[in-house]
Amino acid sequence: MKSTFWIQELAEKDEQGNPKLRLQYSQVVMLHFFRPREDELPERAVWPHISIATLDKLPAGYELVES
């Protein structure tokens, strides 16, 4: 697994006048599938699983309201 995280500070301000923040990340996980392979090669089949996401920081008093 390999991952990279970074914080982005936006020009847009929150209710308190502070810059809005975002946490962004990307990660790659190599999935190794079981043997035997259908193509009869000796190694396991390897497939990359890639995730990329952006998370916005919410104000401290934020409450989740169910719809």
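Trainee: Where does G17 lie?
Mentor: G17 lies in the loop between β1 and β2. Keep in mind that this is a predicted model.

Trainee: Why is G17 called partly exposed?
Mentor: Its relative accessibility is 42%. Buried means under 20%, and exposed means over 50%. The value for G17 falls in between, so G17 counts as partly exposed.

Trainee: How far apart are G17 and S51 in space?
Mentor: They are 32 Å apart, C-alpha to C-alpha. In sequence, 34 residues separate G17 and S51.

Trainee: What makes β1 and β2 a pair?
Mentor: Two strands need at least two bridges to pair. β1 and β2, the latter spanning residues 19-32, have 9 bridges, so they count as paired. Their sense is antiparallel. K2 stands opposite V28 in β2.

Trainee: In what order do the strands of the sheet run?
Mentor: The order is β1-β2-β3, in an open sheet of 3 strands with antiparallel pairing.

Trainee: Why do β1 and β3 stand at the edges?
Mentor: β1 (2-13) and β3 (46-56) each have a single partner strand, so one side of each has no neighbour in the sheet. Neighbouring strands here are turned by 15° against each other on average, direction ignored.

Trainee: Is Q24 buried or exposed, and how do you know?
Mentor: Q24, in strand β2, has a relative accessible area of 15%. The cut-off for buried is under 20%. Therefore Q24 is buried.

Trainee: What makes the link between Q24 and W6 a polar contact?
Mentor: The limit for such a pair of N or O atoms is 3.5 Å. The side chains of Q24 and W6 are joined at 2.6 Å, so the distance is within that limit. The side chain of Q24 also makes a polar contact with the side chain of T54, at 3.2 Å.

Trainee: Why is I50 called exposed?
Mentor: I50 sits in strand β3. Its relative accessible area is 55%. Exposed means over 50%, so I50 is exposed.

Trainee: Which residues form the nonpolar patch on the surface?
Mentor: V28, M30, V46, I50 and I52 form the patch. Together they have about 450 Å² of accessible area.

Trainee: Which strand gives the most to the nonpolar patch?
Mentor: β3 does, with 3 residues. β2 and β3 each supply at least two.

How values were computed
Residues are numbered from 1 along each chain as its sequence is written. This is a predicted model: local features need pLDDT of at least 70, side-chain atom pairs count only at pLDDT 80 or more; totals for chains, interfaces and linings use all residues. Side-chain values use heavy atoms; hydrogens and water are left out. Helices (H or I, at least four residues) and strands (E, at least two) are DSSP runs, numbered from the N terminus. Axes are lines fitted to C-alpha atoms, for helices over the stretch in contact, and angles run from 0 to 180 degrees between N-to-C directions. Patches are made of residues with over 30% relative accessible area and no salt bridge: like charges are joined within 9 Å, nonpolar side chains (Val, Leu, Ile, Met, Phe, Trp, Tyr) within 5 Å. Accessible areas come from the Shrake-Rupley method with a 1.4 Å probe; for residues, only the protein chains shown count as cover. A salt bridge is a side-chain nitrogen of Lys or Arg within 4 Å of a carboxyl oxygen of Asp or Glu. Buried means under 20% relative accessible area, exposed over 50%, partly exposed in between (1.4 Å probe, protein chains only). A polar contact is a pair of N or O atoms within 3.5 Å; within protein, one must be able to donate a hydrogen and the other to accept it, and residues adjacent in sequence count only if both atoms are side-chain atoms.
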